[in-house]
Amino acid sequence: MFRDDFNSLANWNLYNGSGHAGNGARRPSQISVSGGIATISATPDGTTGGMNLKAARQQYGQWSVRMRAPAATGMYHPVVLLWGVTDTQNSSSVTNPLGE
């Protein structure tokens, strides 16, 4: 079982490039860790952060994510993506968390 207590970002690849459909950008500078909490922030121009797990090679089982997110706004909303191991697997899922 993998568990991350977010004492660092060593287990994660941080995105550095354009955002979805070329809108905004994904920058490592928008992700920080402190006190066991990973924070992904966004700016009004659409710059935000994104990351994926370096060791995500689980074939069977279950993934769970525990997160807190603000209420969605017109400019930004959090999304959790769970991808299959290869592009040919039809095992991906998208979760849009509810805001507080």
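Which residues does Leu-53 touch, not counting residues up to four places away in sequence? The first legend answers this, and every view shows a predicted model.

**View 1. Contacts of Leu-53.** Leu-53 touches Phe-2, Asn-11, Trp-12 and Trp-63, with residues up to four places away in sequence not counted. Leu-53 also belongs to the largest nonpolar core.

**View 2. The largest nonpolar core.** Five residues make up this core: Phe-6, Leu-9, Trp-12, Ile-31 and Leu-53. In soluble globular proteins, nonpolar side chains tend to be buried together.

**View 3. The aromatic pair.** The structure holds one such pair. Its rings belong to Phe-6 and Trp-12; their centres are 5.8 Å apart and their planes meet at 15°, so the pair is stacked. Planes under 30 degrees apart count as stacked. Both Phe-6 and Trp-12 are buried.

**View 4. The salt bridge.** One salt bridge is present in the structure. Arg-3 pairs with Asp-5, and the closest N and O atoms are 2.9 Å apart. Side chains of opposite charge can pair when their charged atoms come close. Arg-3 is exposed, at a relative accessible area of 64%. Asp-5 is partly exposed, at 40%.

**View 5. The loop holding His-20.** His-20 sits in the loop between strand S2 (17-18) and strand S3 (25-26). Its relative accessible area is 66%, so His-20 is exposed. Gly-46 lies 26 residues from His-20 in sequence. In space, His-20 and Gly-46 are 9.9 Å apart, C-alpha to C-alpha.

Conventions: Residues are numbered from 1 along each chain as its sequence is written. This is a predicted model: local features need pLDDT of at least 70, side-chain atom pairs count only at pLDDT 80 or more; totals for chains, interfaces and linings use all residues. Side-chain values use heavy atoms; hydrogens and water are left out. Rings of Phe, Tyr and Trp (its six-membered ring) pair if their centres lie within 6.5 Å; planes under 30 degrees apart count as stacked, over 60 as edge-to-face and the rest as tilted. Buried means under 20% relative accessible area, exposed over 50%, partly exposed in between (1.4 Å probe, protein chains only). A nonpolar core is a set of buried Ala, Val, Leu, Ile, Met, Phe, Trp, Tyr and Cys residues joined through side-chain atoms within 4.5 Å. Contact means heavy atoms within 4.5 Å. Helices (H or I, at least four residues) and strands (E, at least two) are DSSP runs, numbered from the N terminus. A salt bridge is a side-chain nitrogen of Lys or Arg within 4 Å of a carboxyl oxygen of Asp or Glu.
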